[in-house]
Amino acid sequence: MTLNKLLSGLLVVISLFTGGMEDPLTPDPNKPLGDVLPIEKAVQEFNYLYGIEVVLPQYLPIHYTTQGGSD
C-alpha cells in the first residue's frame, strides 16, 4: 500500500467521524457566555484542585453615580 492511498483512506475515516461535529468556535445563541459555572461551584472546584482557600472580595471599591460620561 502506498503512502498516498494510506493518507487518503485516513482522511476519509477522519471526515466520517468529524462530519457531524459543530465548529467549536461557533457560539451557542442560548449560552452567550459559554459554559460558565456559578461562583460557588467554581470556588469549590478551585479549592479541590489547588488545595488552597479562595478569598473573594467582599465589596467593590467603586462608587457608582447616576451621572453620564460627561459633566
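Q: Let's begin with Leu 49: buried or exposed?
A: Leu 49 is exposed, because its relative accessible area is 60%. The cut-offs, with a 1.4 Å probe and protein chains only, are under 20% for buried, over 50% for exposed, and partly exposed in between.

Q: Before we go on, what sort of model is this?
A: This is a predicted model, where local features need pLDDT of at least 70 and side-chain atom pairs count only at pLDDT 80 or more, while totals for chains, interfaces and linings use all residues. Residues are numbered from 1 along each chain as its sequence is written, and side-chain values use heavy atoms, with hydrogens and water left out.

Q: Thanks! Where is Leu 49 found?
A: Leu 49 sits in helix α2. Helices here are DSSP runs of H or I with at least four residues, strands are E runs of at least two, and both are numbered from the N terminus.

Q: How many helices and strands does the protein have?
A: There are 2 helices and 0 strands.

Q: And how many residues of α2 are buried?
A: The count is 1 among its 12 residues, so α2 is hardly covered. For the protein, buried residues make up 1% of the 71 residues.

Q: What about the span of α2?
A: The end C-alpha atoms of α2 are 16 Å apart, which agrees with the 16 Å that its 12 residues should span at 1.5 Å a residue. The expected span is 1.5 Å times one less than the number of residues.

Q: Switching topic, how many aromatic pairs turn up?
A: A search of the whole structure gives 1 aromatic pair. Phe 46 and Tyr 50 form this tilted pair, with 4.7 Å centre to centre and 40° between the planes. Rings of Phe, Tyr and Trp (its six-membered ring) pair if their centres lie within 6.5 Å; planes under 30 degrees apart count as stacked, over 60 as edge-to-face and the rest as tilted.

Q: Where do Phe 46 and Tyr 50 lie?
A: Both are in helix α2 (residues 39–50), 4 residues apart, about one turn of the helix. Phe 46 counts as partly exposed because its relative accessibility is 33%, whereas Tyr 50 is exposed at 56%.

Q: One more: what is Val 54 in contact with, beyond its neighbours within four places in sequence?
A: Val 54 is in contact with Val 43, Phe 46 and Asn 47, where contact means heavy atoms within 4.5 Å. Val 54 lies in the segment after α2. Val 54 and Val 43 are 11 residues apart in sequence and 6.6 Å apart in space, C-alpha to C-alpha.
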